[in-house]
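Please keep the sequence and the model in view while working through the numbered points.

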Amino acid sequence: MKAKPNITSMEIYIPGRVIEGAEKLSSNENPLGPSPLALAAIKDALPEIHRYPDGACVKLRAKIGELWGLDADNVLAANGSDELLVLLAAALIHPDCNAVSARQTFSQYRYAVRLFGGKMREKPLLSGFYNLSGMLELINSDTKVVFLCNPNNPTGTYRGSQELEDFLHKVPAETVVALDEAYADFADAKDFPNSKALLAKFPNLLVLRTFSKIYGLAGLRIGYAVGRPELIGELAKAAMPFNVNSLAQAAASAALADTEHRNNTLRLVHTEKKFLETELNKRGILNYPTQANFICFALEREIGSIWKWIAQRGIALRELDSFGLPKMARYTLGGRTHNQLLLKILDGLPP
Ligand SMILES: *Cc1c(COP(=O)(O)O)cnc(C)c1O
């Protein structure tokens with residue numbers, strides 16, 4: 001048996017790990033848990049799980065469409081936004097073409113492109129930020145997709161409205177721009193891009209959102225894409241039937257309506273972001289200004305050498321070797337108790 005070369009050269013995804021007794025703050029999950037309304041909706045949906053789910057996610061897509069001022073035809077739900085990346089690659093990527101993104105970003109862009117034999121062209125970040133003009137230089141007539149993570153995982157940095165719009169104007173119309181906004185809900189910068197407005201301007205734009213972060217539904221696997229119906233329709237063809245399970249559909253609909261849970265989450269994340277940024281800066285620990293629910297900071301040593309030591313003291317950090325940042329760590333903003341524990345651990349790091 002010999003697998004295809006694009007598969008043999010791939011690496012297995014390594015998720016944020018945890019050890020017993022440590023708080024898992026390595027996967028950017030919601031520290032408040034799922035929305036209570038989502039939990040109630042799941043309970044209501046349970047007696048019907050012998051039925052196949054609604055394969056077209058009709059109700060959920062209509063709700064999301066309403067939220068974006070668009071039609072259900074502009075929306076595709078999938079088994080996590082990870083699946084949307086695969087569907088996009090399935091629809092567009094073949095071995096003779098390429099995709100462009102950043103080097104230090106979400107690894108699933110590279111995964112999706114390689115899965116279909118395409119080449120990945122990656123531009124290193126510029127001081128922790130997406131190098132948009134550098135990425136433009138990597139785009140050629142064979143570039144099918146540009147992946148842009150805003151705010152960026154793992155740095156939490158973002159590109160503002162004007163910069164992004166200038167960039168979108170320069171991307172060829174035949175190249176799809178996948179704007180991954182997994183953390184856009186947490187952004188509070190005044191000039192954070194309004195993707196709804198951008199969708200109206202740029203027909204080659206596809207916006208990706210997830211229920212895994214602010215909505216606290218990571219375990220159910222559900223995300224969605226918004227874009228023009230022609231593109232959405234092609235992605236839908238690439239999807240397996242019934243890819244979004246019935247509990248996920250029910251929970252997602254309910255979570256969208258739970259503004260209280262959403263506001264509580266935002267209040268916590270914004271308060272703790274300020275607290276932790278201030279405390280890290282006081283200590284002279286380099287950190288990137290974050291617009292997400294996590295913070296990326298320098299450890300000044302290979303994290304592999306210290307990860308377990310830190311975890312044994314109560315915090316499981318995200319290692320960033322696979323993101324191309326081996327001497328940094330990503331930490332999900334937790335509650336104040338855990339954030340204080342993190343600082344205590346950092347204060348006591350062995351030399
Ligand atoms: C967490 C995350 C997602 C969401 O993935 P799901 O498959 O929806 O859980 C997407 N993009 C980025 C950058 C993420 O960090």
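**Notes on the predicted model**

1. Three strands form an open sheet with antiparallel pairing, in the order 9-12-11. Strands here are DSSP runs of E with at least two residues, helices are runs of H or I with at least four residues, and both are numbered from the N terminus. Two strands pair if DSSP finds at least two bridges between them. Strand 9 (294-298) and strand 11 (318-319) stand at the edges; each has a single partner strand, so one side of each is left without a neighbour in the sheet.

2. The model is predicted: local features need pLDDT of at least 70 and side-chain atom pairs count only at pLDDT 80 or more, whereas totals for chains, interfaces and linings use all residues. Residues are numbered from 1 along each chain as its sequence is written, and side-chain values use heavy atoms, with hydrogens and water left out.

3. Strand 9 and strand 12 (residues 328-332) are joined by five bridges in the antiparallel sense. Phenylalanine 294 has threonine 332 of strand 12 as its bridge partner, and cysteine 296 stands opposite arginine 330 in strand 12.

4. Is strand 9 buried or exposed on its two faces? In a regular strand the side chains alternate between the two faces of the sheet. In strand 9, Phe294, Cys296 and Ala298 on one side and Ile295 and Phe297 on the other are all buried. Buried means under 20% relative accessible area, exposed means over 50%, and partly exposed lies in between (1.4 Å probe, protein chains only).

5. Isoleucine 12 is exposed, with a relative accessible area of 78%. Isoleucine 12 and tyrosine 111 are 99 residues apart in sequence, and their C-alpha atoms are 9.1 Å apart in space.

6. Turning to the whole chain, there are 13 helices and 12 strands. Of the 351 residues, 55% count as buried. A compact globule of 351 residues would have a radius of gyration near 20 Å, and the chain agrees, with 20 Å. That radius is taken over C-alpha atoms, and the globule rule is 2.2 Å times the number of residues to the power 0.38. The C-alpha atoms fill a box of roughly 55 × 50 × 50 Å along the principal axes.

7. Contacts (heavy atoms within 4.5 Å) also deserve attention. Among the contacts with a separation of 6 or more, 74% involve residues 24 or more positions apart.
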